[in-house]
Amino acid sequence: MTHAVSPAREPASAASPTLYGGTGTRRITVRDLTLAKERGEKWPMLTAYDAMTASVFDDAGIPVMLVGDSMGNCHLGYETTVPVTMDEMTLLSAAVVRGTSRALIVGDLPFGSYQEGAVQALRSATRLVKEAGVGAVKLEGGQRSLAQTELIVQSGIPVMSHLGLTPQSVNAMGYRVQGRGDEAAHQLLRDAKAAQDAGAFAVVLELVPAELAAEVTRSLHIPTVGIGAGSECDAQVLVWTDMMGLTGGKMPKFVKQYANIRKTMGDAAKAFAEDVVGGTFPQAEHAFH
Ligand code: KIV
């Protein structure tokens, strides 16, 4: 595992030609994502909440990791993302930064850390950059978070915007597809353009009809990152515990499960327990004499 908060370790000219599968070893920057959009290159993003998991994804070549406030449900045992605090976000973001050397690490601004206004938002974003070492922050909302996005960007911190289903507003909007119907679709387009105009470097589109996500993607010069938003987005993100089968229970339709880690871990825990109870672990090779 590498522990680099580092910026570039090689000149920008040595940038890898592709985000995924490239050979470059310096940290990916938001400029690399802009260039990928210009080339028409798609890229993957995964969430990560700890150093060891992040190091696996870094070694696998995942170019962007999000320390999402989904840590609330997926790591900290809360029912929603709403209770996540800045202290928790800072601690886990720092761990993910320490576990990686190439991926761009994006830290989520948790609920309550930016809604009061631009100055509060800048204070929270600055803390994530200074204390955790993230390369960018994410916040929910387009037009409603305009002042926050503008001030953070003007202060030199890249911002990823999050539109469509915004889980921090679950108490107001529930969990359902957003942007259905003409007015809602126009509002989503306006939000996306507002985020871009405010200086956001990318826009997450969550639970948005595929055709609308495709239209937003064509209308913006910054990349869109889809989750439940069809195949036309510039990038795709999944919550790692969902796509690797660690999260229990029924998965949303948009999740493709690539592994069954929950079963692998459960089987290993049972095998260990049976060995201990049956006296077959430890054996001579595990003991010291
Ligand atoms: O917190 C999170 O994991 C997210 C993704 C679902 C985009 O916001």
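Which residues make a nonpolar surface patch of about 280 Å²? The patch is made by F272, V276 and F281. This is a predicted model, in which local features need pLDDT of at least 70, side-chain atom pairs count only at pLDDT 80 or more, and totals for chains, interfaces and linings use all residues. Residues are numbered from 1 along each chain as its sequence is written, and side-chain values use heavy atoms, with hydrogens and water left out.

**Surface patch**
- Patch residues have over 30% relative accessible area and no salt bridge, and nonpolar side chains (Val, Leu, Ile, Met, Phe, Trp, Tyr) are joined within 5 Å.
- V276 belongs to helix 11 (residues 261-278); helices are DSSP runs (H or I, at least four residues) numbered from the N terminus.
- V276 is partly exposed, at 42% relative accessible area (between 20% and 50%, 1.4 Å probe, protein chains only).

**T166**
- T166 sits in the loop between strand 5 (159-164) and helix 7 (170-173); strands are DSSP runs (E, at least two residues).
- With a relative accessible area of 2%, T166 is buried (under 20%).
- Its side chain makes a polar contact with the side chain of R144 at 3.2 Å (a pair of N or O atoms within 3.5 Å, one able to donate a hydrogen and the other to accept it).

**Ligand**
- Residues around the ligand (a heavy atom within 4 Å) include S70, D108, K138 and H162.
- A polar side-chain atom of S70 lies 2.5 Å from a ligand oxygen atom.
- For K138, a polar side-chain atom is 3.0 Å from an oxygen atom of the ligand.
- Taken alone the ligand exposes 260 Å², and the protein buries 96% of that (Shrake-Rupley method, 1.4 Å probe).

Technical notes:
Patch = residues over 30% accessible without salt bridge, like charges linked within 9 Å, V, L, I, M, F, W, Y side chains within 5 Å. Salt bridge = Lys/Arg side-chain N within 4 Å of Asp/Glu carboxyl O.
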